[in-house]
Amino acid sequence: MIRTVVRDVPRAVAYLLSGVLLGATLLVVLLVLGALGLALAPVLVGLPLLAVAVLSGIPVGALERRRLALTRTPPPPDPHATPAEPGLAAWARLRLTERSTWRELAYTALFAFVLWPLDVVVLFVALVVPAAMVAAPVQLATTSSTSGDARIAKLWLIDSYGQALLCTAAGVVLLLALLWPLVRYARLRAALARLLLAPSEAEAERRLGEVTRSRARLVAAFEAERRRIERDLHDGAQQRLVSLSMTLGLARLDAPPELADRLAAAHREADRVLGELRELIHGIHPQVLADYGLPDALADAADRSAVPVELDVDLPRFAESVESAAYFAVREALANIGRHSGAERAWITGRYTDGRLRVEVRDDGTGGADPARGTGLTGLADRLAVLDGTLTVHSPAGGPTALSLEIPCPQR
Amino acid sequence: MPAALKIVLAEDSVLLREGLVGVLTRFGHEVVAAVGDAESLVAAVRSYAPDLVVTDVRMPPGLTDEGLRAALALRAANPALPVLVLSQYVQRAYAADLLDTGDGTGVGYLLKDRIGQVEQFAEAVGRVAAGGTVVDPEVVRQLLRRRRDPLAALTPREREVLELVAEGKSNGAIARDLVVTEAAVGKHIGNILGKLDLPPAEDTHRRVLAVLAYLRA
C-alpha cells in the first residue's frame with residue numbers, strides 16, 4: 001500500500017494543482033461572462049454571452065474527462081450524441097436538450113465555486129503546512145537576527161533551535177501521515193468528476209443502439225449496392241454480349257468459308273466472356289436465393305462446390321437479409337473447405353426450430369481453421385451479429401471442422 | 001428445313017427481343033407476337049394459340065422469375081403447349097419445376113448464352129416444339145460434378161451419353177456425335193436407366209425420367 005501511495009502522490013498533486021489553476025481561471029471567466037451577460041441582457045447583446053456561459057460546461061467537461069487520465073483511470077467516453085444535421089443551430093439545439101450538457105454545467109459551476117478552493121485548502125494543509133514546519137530551523141535562522149523568533153506557517157511562535165528541531169520532526173510526521181488522505185481526496189475528487197461527466201447508463205445504451213442501427217444500415221446499404229451492380233451488369237453488359245453473340249452466330253451462317261473461321265474464333269471469345277460474366281454475376285447475388293429461398297440456393301452452392309457436398313436442409317422462407325447472410329456464410333465455408341481443408345466430403349444441415357435458424361457446415365478435412373486469421377470469417381461473423389446471430393467455428397488441428405451459424409428470426 | 005412454327009416470344013430487353021426475332025425468322029419460323037412482360041405473354045398465347053412459347057425467366061414487373069411462373073401457369077393450363085425457357089443462370093430448380101409440368105415432354109430450359117450458337121438454338125427450338133425435352137448441358141454438367149452416389153456408378157462414357165440425352169438428342173444423333181453405332185448408344189442408355197433404377201416402360205418417357213431423377217437429387 002505504501003508503494004501505491006508513494007507512486008500516486010505525484011499524480012494526485014498534479015491532478016489537484018492543475019485543477020486549482022483551471023478552476024481559478026474558470027471562476028474569472030464565468031464571473032466576467034455572467035456579469036457582462038446580465039448587464040447587457042436588456043440590450044440583447046448579453047443573451048448570447050449567457051448562452052455561451054450555459055454551454056461552457058461542454059469544453060470544460062471535455063477537458064476534465066481528459067484530465068482524469070492523470071489519476072491512472074481511463075478517461076470516460078464523450079456522453080454527447082452526434083448531431084444528425086450540420087450547422088451550429090442544430091448542434092446547439094441538440095446540446096441544450098441533452099442531460100449531459102446540464103450535468104456538465106453543474107460540474108463546471110461546482111468546480112469554479114467550490115471544488116478548486118477546496119483543492120487549495122487540501123493542498124495547503126497536506127503539503128504547505130508540513131513543509132513550512134520542516135523548514136522551521138531555516139526560518140528561525142533567517143529571522144533571528146532581527147526579532148529572535150519566528151512564526152511558523154503564521155501559526156506557532158518559536159524562539160529556540162530546540163523548538164525548531166521539534167517542529168521539523170513534527171512536520172515530517174505530519175507530511176507522511178497526510179500523504180494517504182491526500183491521495184484519497186484526489187481519488188474522491190476524480191470519482192465525483194467521473195460521476196457527472198461520464199455518460200449515464202441510458203446514454204451508454206442509446207449510443208450502443210445507435211452503433212447497432214448504423215451497422216445494420218451499412219449492411220443493408222451494402223446489400224442494396226450488390227443488387228444494383230448485379231442488375232446493372234445483367235441489364236447492360238450481359239444483354240449486349242448475348243446480342244453480340246447472336247449477331248456473330250448469324251453472320252457465320254452467311255459468311256464465306258475463309259471469313260467464317262475468323263468469325264468463329266471471335267464468337268468463341270464472346271461466349272467465353274459471357275460465361276465468365278455469368279459466373280461473376282452469380283457470385284455477386286444469386287437470383288435463385290430471391291426466387292426459391294435458402295434450400296435451393298444452398299443446393300446450388302453445393303452443386304458448385306469443389307468438394308462433394310451432402311445436403312440435409314428443411315427450411316421455410318425468411319427475410320431477405322437473413323437468407324442472404326446465411327447463404328454467403330455457407331458459400332464462404334464451402335470455399336474455405338475447397339481451398340484449405342483437404343476434405344473429401346462436406347455436409348450441410350439446416351433447420352428452423354424455436355424461432356432460430358441453424359445451419360451447420362461440416363467437413364472431414366484436417367481442421368485448424370482460425371476465424372481470427374481469416375478476414376472472410378470475421379466479416380461473416382460481423383454480418384450475422386447485425387442480425388443478432390452468431391457464428392461458431394470448431395476446428396481442432398487434425399480436424400474435422402464444423403462451422404455453425406444461428407440467427408433468431410421469424411419465418412416469412 | 002423443319003416446319004415453320006408459330007412462336008410467341010417474351011423477352012423484356014428490346015435488344016434481345018429484336019435479335020431473337022431475327023434468329024427465329026432466319027430459320028423460317030414466324031414470331032406472331034413479341035412481348036416484354038409476363039402478363040402480355042399469357043394474353044398473347046390466349047389470342048394466337050402458338051406452336052411454341054419462348055420466354056425469358058426474369059421479366060417485369062418484379063424482375064425475378066415472372067417469366068418462369070408464367071410458363072408454368074401456361075403449361076398447367078395446357079400441358080401439351082411446348083415451352084422453351086431462356087435463363088440468365090444455370091439453375092437446377094428452374095429446370096426441375098419446368099420438367100414437373102405435364103409429363104415433362106415439350107419443354108426446354110436453356111441458358112441465354114446458347115442463343116448465340118444459332119444453329120444449335122434453332123435445333124433445340126425444333127426439338128421442343130416436336131415434344132422433346134431439352135435441358136441445358138451446363139445444368140447437367142453441374143449435376144454430374146456433384147458425384148452423388150447414383151452418379152458414381154456411371155462410367156464417363158455413360159455420363160457423356162446422359163448429357164446428350166438431356167439435350168434432347170435422339171439415339172441416332174448421339175451416335176453421330178460420339179462416333180459410335182446406334183446400338184452402342186442404346187446399350188449405354190439401357191445401362192444408365194438400370195443404374196438409376198428406372199424400370200423398363202415406354203422408352204422416350206424414361207429418358208425424361210432419367211434427367212429428372214438427377215434434377216431432383
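Hi everyone, let me start with one residue in chain B. If we set aside its neighbours within four places in sequence, E182(B) touches N171(B), G172(B) and A175(B). As for where E182(B) belongs, that is helix α10 of chain B, residues 182-195. Please keep in mind throughout that this is a predicted model.

Now to the place where the two chains meet. How many residues of each chain are in contact with the other? The count is 36 residues from chain B and 34 from chain A. Together they bury an area of about 3,300 Å², and carbon and sulfur atoms give 49% of that.

For those of you who like charges, the rule finds 3 salt bridges across the interface of chain B and chain A. Among them is D113(B) with R278(A), where the closest N and O atoms are 2.4 Å apart.

Which elements of chain B give two or more residues to the side touching chain A? They are α1 (14-26), α4 (92-99), α5 (118-129) and α6 (137-145). Of these, α1(B) supplies the largest share, with 7 residues. Sorted by class, that side of chain B has 14 nonpolar, 9 polar and 13 charged residues.

Let's zoom out from the interface. Over all chains, a search of the whole structure turns up 30 salt bridges. One I'd like to show you is within chain A: the side chains of R383(A) and E223(A) meet at 2.7 Å, N to O. R383(A) is in helix α13 (residues 375-386) and E223(A) in helix α8 (residues 201-254), so this pair ties together parts of chain A that are 160 residues apart in sequence.

Last stop, the surface of chain A. Here V28(A), V32(A), L36(A), L40(A), V43(A) and V45(A) form a nonpolar patch. Together these residues have about 490 Å² of accessible area. One of them, V28(A), is located in helix α1 of chain A, which covers residues 2-40.

Notes
Residues are numbered from 1 along each chain as its sequence is written. Chains are lettered from A and ligands numbered from 1 in the order in which they are written. This is a predicted model: local features need pLDDT of at least 70, side-chain atom pairs count only at pLDDT 80 or more; totals for chains, interfaces and linings use all residues. Side-chain values use heavy atoms; hydrogens and water are left out. Contact means heavy atoms within 4.5 Å. Buried area is the accessible area (1.4 Å probe) that two parts lose on being put together, summed over both. A salt bridge is a side-chain nitrogen of Lys or Arg within 4 Å of a carboxyl oxygen of Asp or Glu. Helices (H or I, at least four residues) and strands (E, at least two) are DSSP runs, numbered from the N terminus. Ala, Val, Leu, Ile, Met, Phe, Trp, Tyr, Cys and Pro count as nonpolar, Asp, Glu, Lys and Arg as charged, and the others, Gly among them, as polar. Patches are made of residues with over 30% relative accessible area and no salt bridge: like charges are joined within 9 Å, nonpolar side chains (Val, Leu, Ile, Met, Phe, Trp, Tyr) within 5 Å. Accessible areas come from the Shrake-Rupley method with a 1.4 Å probe; for residues, only the protein chains shown count as cover.
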